[in-house]
Amino acid sequence: DNSSEFIPKCRTCRRQAREQSGEGDHHEGLSSDEELTPTEVDEFQKSRDNVLEDSRKIFEDVHADFCDIRKILLKFQEWKEKFPDSYCDAYISFCLPKLLNPLIRVQLISWNPLEQNFTELEEMPWFRAIEEFSDAENVSESK
């Protein structure tokens with residue numbers, strides 16, 4: 001099995017390369033395989049910024065009533081209250097996840113749970129809107 005011999009040789013080669021280049025800030029035990037070069041970090045940041053900019057434009061030509069999750073759910077709530085039979089026949093509870101999926105995904109593009117000051121999912125506006133809608137649905141079903 002050559003894989004166990006390969007790992008120490010790679011580490012030795014990387015250590016020698018660091019010593020020759022004068023890099024002294026490496027900590028033993030930390031892998032340098034996943035370290036990004038400054039160029040790679042810049043390219044990633046530019047790519048990320050482009051994606052975020054494009055995501056802001058996705059719904060810019062959509063009427064506000066159809067790109068806001070809370071407003072969409074209010075329309076479904078009204079439908080359920082006014083026409084409960086057709087609401088039930090349309091299987092709306094099965095359709096809503098597919099309908100809301102693109103709207104939620106756009107809001108999650110910049111979300112990074114690995115950042116120190118990230119927002120919990122439960123605190124996001126779309127999550128609260130769905131939670132309120134679910135609570136209203138449960139109350140109306142119990143009536």
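Read from one end of the sequence to the other, the protein chain runs α-α-α-α-α-α. That amounts to six helices and zero strands, with helices (H or I, at least four residues) and strands (E, at least two) taken as DSSP runs and numbered from the N terminus. The model is a predicted one, so local features need pLDDT of at least 70 and side-chain atom pairs count only at pLDDT 80 or more, while totals for chains, interfaces and linings use all residues. Residues are numbered from 1 along each chain as its sequence is written, and side-chain values use heavy atoms, with hydrogens and water left out.

As for the chain as a whole, 15% of its 143 residues count as buried; buried here means under 20% relative accessible area, exposed means over 50%, and partly exposed is what lies in between (1.4 Å probe, protein chains only). The protein chain exposes about 11,700 Å², and carbon and sulfur atoms supply 53% of that area. Accessible areas come from the Shrake-Rupley method with a 1.4 Å probe, and for residues only the protein chains shown count as cover. Turning to contacts (heavy atoms within 4.5 Å), residues 24 or more positions apart account for 52% of those in the protein chain with a separation of 6 or more.

Helix 2 is a handy place to start on the details. It spans residues 38–57 and includes Ser 55. Is Ser 55 buried or exposed? Its relative accessibility is 10%, so Ser 55 counts as buried. The side chain of Ser 55 reaches back to the backbone oxygen of Leu 52 at 2.7 Å. This is a polar contact, that is, a pair of N or O atoms within 3.5 Å; within protein, one atom must be able to donate a hydrogen and the other to accept it, and residues adjacent in sequence count only if both atoms are side-chain atoms. Leaving aside residues up to four places away in sequence, Ser 55 touches Val 106 and Ile 109.

Next come the charged pairs. How many salt bridges does a search of the whole structure find? The search turns up three, a salt bridge being a side-chain nitrogen of Lys or Arg within 4 Å of a carboxyl oxygen of Asp or Glu. One of them joins the side chains of Glu 53 and Arg 56, at 3.1 Å from N to O. Both residues sit in helix 2, three residues apart, or about one turn of the helix. Glu 53 counts as partly exposed at 37% relative accessibility, whereas Arg 56 is exposed at 55%.

Another salt bridge brings together the side chains of Asp 65 and Lys 75, at 4.0 Å from N to O. Asp 65 lies in the loop between helix 2 and helix 3 (69–82) and Lys 75 in helix 3, so this pair ties together parts that are 10 residues apart in sequence. Asp 65 is partly exposed, with 25% relative accessibility, and Lys 75 is partly exposed too, with a relative accessible area of 37%.

The salt bridge between the side chains of Glu 132 and Arg 70 has an N to O distance of 2.5 Å. Here Glu 132 belongs to helix 6 (residues 125–142) and Arg 70 to helix 3, so the pair ties together parts that are 62 residues apart in sequence. Glu 132 is partly exposed at 44%, and Arg 70 counts as partly exposed at 35%.

A disulfide is a covalent bond between the sulfur atoms of two cysteines. With the cut-off set at a pair of cysteine sulfur atoms within 2.5 Å, the count comes to zero disulfides. Cys 88 has a relative accessibility of 55% and so counts as exposed, while Cys 95 is partly exposed at 39%.

Rings of Phe, Tyr and Trp (its six-membered ring) pair if their centres lie within 6.5 Å; planes under 30 degrees apart count as stacked, over 60 as edge-to-face and the rest as tilted. In one of these pairs, the ring centres of Trp 111 and Phe 118 are 6.1 Å apart and the planes stand at 70 degrees, so the pair is edge-to-face. Trp 111 is partly exposed at 25%, and Phe 118 counts as partly exposed at 29%. The rings of Trp 126 and Phe 127 have centres 5.8 Å apart and planes at 75 degrees, which makes that pair edge-to-face as well. Trp 126 counts as buried at 11% relative accessibility, whereas Phe 127 is partly exposed at 26%. Finally, Phe 76, Trp 79 and Tyr 87 form one aromatic cluster.
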